[in-house]
Amino acid sequence: MITFLFNLINFSIFFIISLFTLVIIELFLIKTKIIQKDNDIETISPQTYLEAFENNAIFAKLNVNHNIIQTNRQFCQIIHKTKEECQKMTLKDLFHSDAQEILETLKYKQSWDGVQTIDTPDGNKIHLNCSFIPIFNNNEGLKEILFLATDITELTLSKTNIKNSLYQDSLTKLPNRLKLFTDKSILNSKNEATYIIFNIDSFDTINNLYGNLFGDKILLQFSKWLENNLLTDKSKLYKFEADIYVMVNLEKIQEKELLNYLRNVSQAIIKEKFLCNGTEIEISMTIGASQGRINQLKLAQIAYKDAKLTKKSFAIYDIKSNKEEEYTKNIQVSKVLKNAIDQDLVLPYFQPIMNINTGEIEKYESLMRVQDEKGNILIPYEFLDIAKRSKIYPKLSCSLIKKSIDTFSICPCEFSVNLSYLDITNKATRKFILNTLEETGIGPWIIFELLESEGIENYKEVMNFIQQVKSYGAKIAIDDFGSGYSNFERIVELQVDFIKIDGSLIKNIDQNDDMVIIARTIVNFAKELGIKTVAEYVHSQEVFDKVKDLGVDYAQGFFIGKPNEHI
C-alpha cells in the first residue's frame, strides 16, 4: 500500500511536469517556425521565441562556450541575480555537480533532461525540472544551447511532506513504526542491538479523566522526557501507536547493566512530575526489552506483555523461557478462532447430568468446542484464555448460546450454558441473551452457570442480570463452587437454583475424608435453602456412591457420560 502511494505520487508529479514541458516545447516550435530548407535549419530571430517564453517558463540561452548570453525575467528571479550578473555566469556556475554530465550529453547532439536544485542566497532551495536543448547548424555545427525549466519546488516539497507524514508521528514528530521497519542504519547494522519498549500505565484513565487534548500534551512531555534523559548518540527513539515508544540502541548491553538501567528508568519516571493545564500528573510505565540481531522487536513485545501480565515494571526477554513459542502459538490459536467465527465452526458438545435419585438423565451442560481448518476439535483449555484476552470471546459465547438454544428448542429438556463475568458485563452479549429469551420463549428450559472461581467486581450488575433472566423463567447455577473462596452469603443474595460442587472436591472424595466434610457442608447448606446440588467430575462408581450417600441431587462426569456433539 505504501509503495503504491509513493508510486502514485511520483507518477502524478512526473505527469504534471511532462505535460507542462510539452506545452512549453510545443509553444516554442510554433513561435520559432522551424523551417527545413536546403538541409539547413533556419529560425526566426531569438527575440521572437524569447518573448514566447517570457511568461511561460524559466529561459536562458548559452553560447558554444556554455556562457549565459541571454535570460528572461523568471530566470533572474529564480537565481536572485540581475541580467548583467546572469550573463557573467557559465553552465558550471549554475549546476556544479551535474555540469560535466550535461556537457557530455550536449556534445553528442542530444538534449539533457533532469531535475536540478539551486541554493538561493536566503538559504532556501529551488527545485527545477530542466531541459538543455542544443541548436545545430548543419554547416557550422553547434550554434547555441537553450535552457528551459519549470519550477517544481512546491511539488517537490509536497512529495517530501507526504513522505515525512508516512514516516513520522503527527503529534510528537518522532519517527514512527514504519520508519523503524525501513531505517537503513538499523537494517544494515551487523551488530546485536537492544530494543526497549516503553508503555505508559493506565493512559486510558488519563484520557478519560481529563480529555484527549490533555492526554496529547502529556504524550508530548513524556516524549521530551525520553529524548532528554535516555537518548544517546548510539540510540534512536520511535513513537508507535497510542502511548507506546520504542528505543533502539545500536549495540548490545551487558545483562546486569541492562537490568540496572531499566530499574533506574522505572524509578526515575515515578519521581517525575508532569504539569499540564495546572494539573500535576504522575506517570509509571511498563518496559519490555530484548537483545540480539533478529526479531528483537517481537521479542521485546513478548517481554513487555510478560511484565504486564506479572504486574512488573520491566522484563527482559529470556530465550530459555520459550515465550516466543507460546506467543507464536497464541497467534495461531487466534487465527483458528477468527476462522471458526467466520466459517461457523463453534460447536456445542453436550454432557449429560443425571438425577441421582431416579437414575435418569434430566439435563445437559452445553460445552464449547472449536473446530480448526483440518477438522481437529479444540477444547476450552486450549483457547479460552486467548479468546478472553482478545475481542473474539463475546462472538464465541453468543455463537454457543444460539446453537445450544437451537438444539434444545426441538429437544425438550433442561440445559445449561456457562457465562463468565465478561459475558454479563458485555453489553452486546447481554442484549443478545435477553433478546433471545424474549424471542424464543426458551427461558424455562435454560440454566445459566456463573463461575464462582471468577472474580466478580460488581455484584450489583450480576444481580441485575439474574433478575432479568429469571423474569423469563431461566434458572441460575453457581459453577465450580468450592474451588476458591466460597462466599455463602453471596449465594443467598444471588438467589441461585443450583450449586455445582467443584471437581477438585469430588474427584478423590472416596479416598479423602477432608473432602467429604467440605462437600457435606455445602450439601447441607444448600438443602437448608432449597438449592439443588450437582457433583462434578464423577468419574467412577466409588465416587458416584459417595456423592449419593452425601445427598447430592445430581451427578456429572465421565462415569455418567462424556461430552458429545450429539445428545
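Close-up 1. At 4% relative accessibility, Glu365 counts as buried, where buried means under 20% relative accessible area, exposed means over 50%, and partly exposed lies in between, with a 1.4 Å probe and protein chains only. This is a predicted model, in which local features need pLDDT of at least 70 and side-chain atom pairs count only at pLDDT 80 or more, whereas totals for chains, interfaces and linings use all residues. Residues are numbered from 1 along each chain as its sequence is written, and side-chain values use heavy atoms, with hydrogens and water left out. Glu365 forms a salt bridge with Lys500, with 2.9 Å between the closest N and O atoms; a salt bridge is a side-chain nitrogen of Lys or Arg within 4 Å of a carboxyl oxygen of Asp or Glu. Because Lys500 lies in strand E21 (residues 498–501) and Glu365 in strand E16 (residues 360–371), the pair ties together parts that are 135 residues apart in sequence. Strands (E, at least two residues) and helices (H or I, at least four) are DSSP runs, numbered from the N terminus. Lys500 also counts as buried, at 2% relative accessibility, and a network of salt bridges links Glu365, Glu449, Lys500 and Glu536.

**Close-up 2. The salt bridge of Asp344 and Lys403.** The closest N and O atoms of Asp344 and Lys403 are 2.9 Å apart in this salt bridge. Asp344 lies in the loop between helix H14 (323–342) and strand E15 (346–355), while Lys403 lies in helix H16 (residues 393–408), so the pair ties together parts that are 59 residues apart in sequence. Asp344 is partly exposed, with a relative accessible area of 48%, whereas Lys403 counts as buried at 18% relative accessibility.

Close-up 3. Lys308 lies in helix H13 (residues 296–309) and Asp201 in the loop between strand E8 (193–200) and helix H10 (203–210), so parts that are 107 residues apart in sequence are tied together by the pair. Lys308 counts as partly exposed at 37% relative accessibility, and Asp201 counts as partly exposed at 21%.

**Close-up 4. Phe544 and Phe559 as an aromatic pair.** The structure holds eleven aromatic pairs, a term for rings of Phe, Tyr and Trp (its six-membered ring) whose centres lie within 6.5 Å, with planes under 30 degrees apart counted as stacked, over 60 as edge-to-face and the rest as tilted. Phe544 and Phe559 form a tilted pair, with 5.8 Å from centre to centre and 45 degrees between the planes. Since Phe544 lies in helix H23 and Phe559 in the segment after strand E23 (554–555), the pair ties together parts that are 15 residues apart in sequence. Phe544 counts as buried at 9% relative accessibility, whereas Phe559 is partly exposed, with a relative accessible area of 34%.

**Close-up 5. An aromatic cluster.** Phe75, Trp112, Phe132 and Phe147 together form one aromatic cluster.

**Close-up 6. Asp549 in helix H23.** Asp549 lies in helix H23, which covers residues 541–549, and at 66% relative accessibility Asp549 counts as exposed.
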